[in-house]
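Please look over the sequence and the structure shown below. The paragraphs that follow go through pockets, cavities, a helix and some single residues.

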Amino acid sequence: MTSEPNVDAVVLVGGKGTRLRPLTLSAPKPMLPTAGLPFLQHLLARIGAAGIKHVVLGTSFKAEVFEDYFGDGSSMGLEIDYVTETEPLGTGGGIRNVLPKLRADNVIVFNGDVLGGTDLRAVLDTHRTTEADVTMHLVRVGDPRAFGCVPTDGDGRVTDFLEKTQDPPTDQINAGCYVFRREIIEKIPAGRPVSVEREVFPGLLAEGRRVFGHVDAAYWRDMGTPEDFVRGSADLVRGIAPSPALEGPRGESLVHPGAGIAPGAVLIGGTVVGRGAEIGAGARLDGAVVFDGAVIEAGATVERSIVGFGARIGPRALVRDAVIGDGADVGARCELLRGARVWPGVALPDGGVRFSTDV
C-alpha cells in the first residue's frame with residue numbers, strides 16, 4: 001500500500017462526557033490528559049502513523065478548545081479541519097455534517113472516546129479488498145452483552161446488527177471505527193439526528209449493500225467512565241496500550257517535567273503525575289491520574305482515581321476509585337471511596353468525610 005492512502009479521517013468529538021463529570025465541566029472528554037497528553041492526541045498520532053494526512057474533527061461541546069490546541073494540525077504533520085454541530089445530530093448525523101469538508105473517496109470514521117491499538121492500514125486493506133460500501137472494525141471481547149453485537153458470515157460480511165442483548169450470538173462487537181465509501185455518507189439524511197447503529201447500518205443491510213467486518217483482538221477500551229479512563233491511561237503508561245504519541249520507555253509511572261516527587265513516595269500501577277504537580281513524602285499512588293498542578297500531601301494514598309487540575313489531597317487522606325474535580329481541596333484523613341466525586345473548588349475539612357470510624 002502507498003504511504004498516503006486516498007482516505008480522509010473523521011473523528012466525532014461532540015459529546016458532553018457526562019459520565020466523566022466533574023472533569024468534563026471544564027474540558028471536553030477527548031482533551032482530558034491521558035498519560036499526560038490530551039486523549040485525542042493519541043488517536044491523531046495513530047491516524048498520522050497510518051499515512052492519513054487529512055482529518056476532520058466533528059465538534060460540538062466546547063468546540064473552540066480543540067482548535068486552540070491542535071490548530072491546523074501541522075505540528076503533528078496533519079491537515080485538520082473543524083466542523084461544529086449547533087445541535088446534537090447523533091453519530092450518523094455527525095458524519096453527514098462534515099461532508100462538505102471531505103476530499104477523499106473513502107473516509108475512516110472514529111468515535112472520539114475509544115482508546116485502540118488496531119492496525120488502521122489493515123482495516124483499510126480489508127475495505128479495499130472486499131470492495132465494501134462500509135467496513136466496520138469489530139473487536140472480540142470476553143463479555144459482549146454490554147455492547148452492540150455484529151455477527152459476520154464466512155466471508156466476513158456483516159449479517160446483522162444487534163443492540164445490547166443478554167444472549168449475544170457472537171463475541172464480536174462494534175468498536176466505533178468505520179470506513180465509508182463517500183457515496184454512502186452522501187445518502188445519510190442531512191440536518192436531523194441520525195444514528196449509524198440504529199438507522200444507517202440496518203438500512204444498508206436491508207438494501208443488500210456490501211457491509212464487511214474487520215475483526216481483530218487488538219487493544220480496545222471505551223474511555224467513557226472514570227474506571228475505564230483510569231485503566232486506559234495506566235495501560236498507555238505501562239505499554240499495554242500502544243500510542244505513537246508517547247516517547248521513551250514504558251513503566252510503572254510517568255512523571256512529567258516540573259513535577260516534584262518527595263523521598264519515600266511510591267508511584268506504581270501506571271500512575272501519571274502531571275506538570276508542576278507535587279507528591280509528598282510517603283504518599284502512595286497506585287494507578288492514579290494526577291493532572292497538572294495538583295498536590296498530594298505526605299502519607300496520602302490515591303488508588304485508581306483521577307485528581308483534577310490544581311486539586312489538593314491532604315495528609316494521610318485516602319482516595320480510592322474516585323474523581324476529584326479541578327481545584328478541590330480534600331482535607332487530611334478524609335476517606336473518599338467507591339465512585340465518590342468531588343466537584344470543582346469544593347473544600348472538605350480535615351476528617352470531614354470518612355468511611356471508617358477511626359480518626
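The largest pocket has a volume of about 1400 Å³. Of the 47 residues lining this pocket, R19, N111, D113, E197 and D222 are the closest to its centre. A pocket here is an open set of points on a 1 Å grid over the protein atoms alone, with protein on both sides within 12 Å along at least five of seven lines, and a lining residue has an atom within 4 Å of a point. Grid points are joined across faces, edges and corners, and a volume is the space filled by probe spheres set on the points. The model is predicted: local features need pLDDT of at least 70 and side-chain atom pairs count only at pLDDT 80 or more, while totals for chains, interfaces and linings use all residues. Residues are numbered from 1 along each chain as its sequence is written, and side-chain values use heavy atoms, with hydrogens and water left out.

At least two lining residues of the largest pocket come from each of α3 (90-97), β8 (134-140), β9, α6 (196-206) and β11 (220-222). Helices (H or I, at least four residues) and strands (E, at least two) are DSSP runs, numbered from the N terminus. With four residues, β9 gives the most to this lining. By residue type, the lining of the largest pocket divides into 17 nonpolar, 17 polar and 13 charged. In this division Ala, Val, Leu, Ile, Met, Phe, Trp, Tyr, Cys and Pro count as nonpolar, Asp, Glu, Lys and Arg as charged, and the others, Gly among them, as polar.

D113, one of the residues closest to the centre of the largest pocket, is found in the loop between β6 and β7. Is D113 buried or exposed? D113 is buried, with a relative accessible area of 15%; buried means under 20%, exposed over 50%, and partly exposed in between, with a 1.4 Å probe and protein chains only. Residues up to four places away in sequence aside, D113 touches K29, F39, R221, D222 and M223, where contact means heavy atoms within 4.5 Å. With K29 there is also a polar contact between the two side chains, at 2.9 Å. Such a contact is a pair of N or O atoms within 3.5 Å; within protein, one must be able to donate a hydrogen and the other to accept it, and residues adjacent in sequence count only if both atoms are side-chain atoms. L162 is 49 residues from D113 along the chain, and their C-alpha atoms are separated by 21 Å.

Rolling a probe the size of a water molecule over the atoms shows where empty space is left. A cavity is a set of grid points where a 1.4 Å probe fits but cannot get out, and the structure holds four cavities of 30 Å³ or more. The largest cavity contains about 100 Å³ of space. Its lining has 15 residues, and R46, F110, V114, G116 and C177 lie nearest the centre. Two or more lining residues come from each of α1 (39-49), β6 (106-111), β7 (114-116) and β9 (172-181). Strand β9 gives the most to the lining of the largest cavity, with three residues. That lining consists of eight nonpolar, six polar and one charged.

In helix α2 (residues 63-70), the buried residues include A63, F66 and F70. They lie on the same side of α2, because they cover an arc of only 65° around the axis, the arc being that of the directions from the helix axis to the C-beta atoms. An α-helix has 3.6 residues a turn, so residues three or four places apart point the same way. What do the buried residues of α2 pack against? They pack against β3 (37-38), α1, β4 (54-59) and β5 (79-84). G71 follows α2 and has a positive phi, near 60°.

Some backbone details remain. The peptide bond from R21 to P22 is cis, with omega near 10°, and P22 lies in the loop between β1 (7-12) and β2 (33-34). A35, in the loop between β2 and β3, has a positive phi near 55° although it is a residue other than glycine. At 1% relative accessibility, A35 counts as buried. R316 also has a positive phi, near 60°, and its place is in the loop between β22 (312-313) and β23 (318-320). R316 is exposed, with a relative accessible area of 55%.
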